[in-house]
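Work through the exercises below with the sequence and the model open. Each task is followed by a solution in steps.

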Amino acid sequence: MKFQKDSYYIARIREGDPGAYAFLVNKYRKMTFNVALQLMGNREDAEEIAQDAFLKAYQALDSYKGDAKFSTWIYRIIYNTAISRLRKKKLDVSSIDDDFTSSVNVKSTQSALQEVRNIERKKYLSEALNRLPADERCLITLFYLEENSVDEVCSITGLSASNVKVKLHRARKKLYNLLELALHGELKTIL
């Protein structure tokens, strides 16, 4: 299915065609679900967050000015919805000590990863990513997997550019550390 520009569907909705919103939902559902999944950590909550976010976006569509891309705007709504839900749940997310990450040897970890078959590499990366705290997992997903720019990540999360860069740097170090431990068999049942 070939999609029109987002502005086309938004204009149709504003002109009284609520069915046009289905095209935007279809276009962004996979990306929004992935962001919600990274934040929430489980499929059921992620689906609920994505649905809530799309509903909120539809209800607030009149406030969308078009200053940012629609995808950035919907990401922001998903991010805020997920963070609000996490706060309500008062989830205790444990983080890895910064001291623990200072001993990471990035080059040896990358070399070891190159030796692992592609499928195994994806399993290691996925498991290590899932062991990161939700906010760091989300930043990694937004920046690397969804390929948003630092400015777009700032718009989505409400963080400053320098804060996003610092948090991404720390998250990468933690991810490399987890991968290094897994590759050397020191991380309990990573797979």
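This is a predicted model: local features need pLDDT of at least 70, side-chain atom pairs count only at pLDDT 80 or more; totals for chains, interfaces and linings use all residues.

**Exercise 1.** Determine the secondary structure content of the protein chain and how much of the chain is buried.

Solution. Counting elements gives 10 helices and 0 strands. Read along the sequence, the pattern is α-α-α-α-α-α-α-α-α-α. Of the 191 residues, 41% count as buried. For contacts between residues at least 6 apart in sequence, 66% join residues at least 24 apart.

**Exercise 2.** Compare the span of H4 with its expected value, and state how many of its residues are buried.

Solution. H4 covers residues 70-89, a run of 20 residues. From first C-alpha to last, H4 reaches 29 Å, close to the 28 Å expected at 1.5 Å a residue. With burial set at under 20% relative accessible area, 14 of the 20 residues of H4 are buried, and the helix is mostly covered.

**Exercise 3.** Classify the packing of H3 against H4 and describe the residues in contact.

Solution. The axes of H3 (residues 43-59) and H4 lie 9 Å apart, at an angle of about 125°. Angles of 65 to 115 degrees count as roughly perpendicular and those over 145 as roughly antiparallel; the two helices are therefore oblique to each other. Their crossing is right-handed. H3 contributes Asp 45, Glu 48, Ile 49, Asp 52, Ala 53, Phe 54, Lys 56 and Ala 57 to the contact. From H4 come Trp 73, Ile 74, Ile 77, Ile 78, Thr 81, Ala 82, Arg 85 and Lys 89. Sorted by class, the contact of H3 with H4 has 9 nonpolar, 1 polar and 6 charged residues.

How values were computed:
Residues are numbered from 1 along each chain as its sequence is written. Side-chain values use heavy atoms; hydrogens and water are left out. Axes are lines fitted to C-alpha atoms, for helices over the stretch in contact, and angles run from 0 to 180 degrees between N-to-C directions. Helices (H or I, at least four residues) and strands (E, at least two) are DSSP runs, numbered from the N terminus. Angles under 35 degrees count as roughly parallel, over 145 as roughly antiparallel, 65 to 115 as roughly perpendicular and the rest as oblique. A crossing is left-handed if the near helix is turned anticlockwise from the far one by less than a right angle, and right-handed if clockwise. Contact means heavy atoms within 4.5 Å. Ala, Val, Leu, Ile, Met, Phe, Trp, Tyr, Cys and Pro count as nonpolar, Asp, Glu, Lys and Arg as charged, and the others, Gly among them, as polar. The expected span of a helix is 1.5 Å times one less than its number of residues. Buried means under 20% relative accessible area, exposed over 50%, partly exposed in between (1.4 Å probe, protein chains only).
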